[in-house]
Every structure is written in structure tokens, then in C-alpha cells.
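Q: I have just opened this one and have not looked at it before. Can you walk me through it?

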Amino acid sequence: MGSRVSREDFEWVYTDQPHADRRREILAKYPEIKSLMKPDPNLIWIIIMMFLTQLAAFYIVKDLDWKWVIFGAYVFGSCINHSMTLAIHEISHNAAFGNCKAMWNRWFGMFANLPIGIPYSISFKRYHMDHHRYLGADGVDVDIPTDFEGWFFCTTFRKFIWVILQPLFYAFRPLFINPKPITYLEVINIVAQVTFDILIYYFLGIKSLVYMLAASLLGLGLHPISGHFIAEHYMFLKGHETYSYYGPLNLFTFNVGYHNEHHDFPNIPGKSLPLVSKGFDTYSNFVFLFVF
């Protein structure tokens, strides 16, 4: 449990991220793939249904014992909230209303943010675009752990703690690595979220509020669905920066497991990523398979 890992530094490469070149090569050979570059209107209704489902859960847990509140947050609420974070990921790529209605996507992202309890939709959009443009770039891509994380969480037990606290590192890492001035949309996101949280507390009580926040923290930490955080870009094979997962958890994550496909074509909604994968296996960087 306490043994140190063998690596003491990150893997450093000095070439551009590969997905722009891969995109050009694939489109040159398969131009018909452009037909998949369109919004997914079903995403809107799925998000509304998830929102209403969590509202019903908030009402149900308000009179439960605390042990059942936390149990429900981990077993049920965490799945909904984690899925909602990936719906926000879809919205950040304008998958709900398309690029021609970019602001509609920003407002809808704030709506999807509400049952998560912590305002982040607008900030996520800003930093996630950097993740695509500058994948793995030191000091720019805040999806990459800091030097401190790599140095301190160097044993099996400490890595276990890191996984539990992963949502906190994900939230605060941008403030230390690549801070950006706050925008008016982020202010609106914060005000809307805090107002929603206050309303949940006022009308349903503390247990519903705790359920909401616990569902987010537990669902983004030590949880089966959270495996994609590690599987996407952590190096499992030297020389490969992005990995795909084609298992059943994609049903809960808007196909975020199709991660090579997503980075190759970030403007294709998750619903259509399996179509990108089908027939284009020769362009896969590396496929990382989990067995559940």
C-alpha cells in the first residue's frame, strides 16, 4: 500500500498534439464524416429529464435518515450528476443548439449546471477549449496534474486519496496553473447557482442540499463512472496521449469514452462518435479497454 511508484516525473514530449493532423488525414480520406458535424437536439430533452429526475430525488430524500441520504447520493444521485457534467461537456462544444446559437448553449449550460450545486459550466467551457487546442501543454492544459500532485501523491495509498479528492483538484487547479479574469457570464452562472441552492435549502431543507452536493463530489471522485478521468489522457503506453474506451459506461457519459474520436472531431456530438469509430480503426491512437 505504501510503496512508491517507479516514475518520478511526467513524460515530456516536444511535438504538437496529434489530433489536428489526424483530423486532416481522416477528412481527406473520408469527407463524408462532415455530415456528422451537426447539433444533437435530443440532448436538450435528455438534460431536461435528468434535471427533473434530480428534482424528484431532492424531494424524496428530504425526510430520509442521513445514512440513506448519503447512500442515495452515491448510488443514484452521483450517476445523474456525473452524467450531467458530461452533458455540460457536450454543451461546451455547442452540441445542443449548434454553433450558430452559441449563447443559447451558454444559457442552457447554466441550466444543466443547477442540480450539480457548484457553479462551473461557463468556466469549464473556457478551460476546456484550451484542453483541446493545447492538449498536455504545461501551464495551459489544466486537465494535467500539477507538479505538486505528481510529487506528493506518489504511493498507492496517496493515489487512492487523490482519486477521492479528484473533483477538488479539478476545481482548484486552474486557479493555480492558468488563472483567467472572471467574465460576466461566470458571474451570472454563480448567481444563478447560489440562488438555486438557497431555494433548495429553503423549500426542501438541508438533507436535499447535502444530497445534491454529495452526489457531485462522490460521483466525480471514487466512483466507477469517474474512471474516464484517468483513462482519457494518462499515459498507459509510451508515445500515446489519448485513449478510447468502448464499454457500457458510455451509456451514462454521452460516449465520452470515444475520446480519440472526440479529440479528432470535437464538433461531432457524443451520440455520433460511434459512427466515427466504425470503420476508422486504422486511425485510432490506442484503444484502452476496461472490462466490467
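**Salt bridges, core and annotated segments**

A: Start with E186, which is buried at a relative accessible area of 8%. Keep in mind that this is a predicted model.

Q: What does the side chain of E186 meet in a salt bridge?

A: The partner is R126, with N to O at 2.8 Å. R126 is partly exposed, at 22% relative accessibility.

Q: Where do E186 and R126 lie?

A: E186 is in helix α9 and R126 is in helix α5 (residues 121-133).

Q: How many salt bridges does a search of the whole structure find?

A: It finds 8. One of them joins R173 and E149, at 2.9 Å from N to O. That pair also links distant parts of the chain, with R173 in helix α8 (residues 166-177) and E149 in helix α6 (residues 147-152), 24 residues apart.

Q: Is R173 buried or exposed?

A: R173 counts as buried, at 3% relative accessibility. E149 is buried too, with a relative accessible area of 4%.

Q: Changing topic: how many residues are in the largest nonpolar core?

A: There are 33, and those with the most contacts inside the core are L43, I47, M50, M84, I91, F196 and Y211. Two or more residues each come from α2 (42-61), α3 (66-92), α4 (102-113), α9 (184-204) and α10 (206-219). Another core of 10 residues lies apart from that one, and includes I33, L36, L273 and V276.

Q: Which residues does M50 touch?

A: Leaving out residues up to four places away in sequence, M50 touches I80, S83, M84, A87 and F254.

Q: Which residues does the UniProt annotation "transmembrane region" cover?

A: The unreviewed UniProt entry gives 43-61, 68-88, 150-172, 184-204 and 210-231.

Q: What is the chain like over residues 43-61?

A: In the model that stretch is 100% helix and 0% strand, with its end C-alpha atoms 27 Å apart. Residues 68-88 are also 100% helix, and there the end C-alpha atoms are 28 Å apart.

How values were computed:
Residues numbered from 1 in each chain as written. Predicted model: local features only at pLDDT ≥ 70, side-chain atom pairs only at ≥ 80, totals over all residues. Heavy atoms only, no water. UniProt positions renumbered as here; feature names shortened; annotations may be inferred. Helix = DSSP H or I, 4+ residues; strand = E, 2+ residues; numbered from the N terminus. Core = buried A, V, L, I, M, F, W, Y, C linked by side-chain atoms within 4.5 Å. Buried < 20%, exposed > 50% of the residue type's maximum accessible area, 1.4 Å probe, protein only. Contact = heavy atoms within 4.5 Å. Salt bridge = Lys/Arg side-chain N within 4 Å of Asp/Glu carboxyl O.
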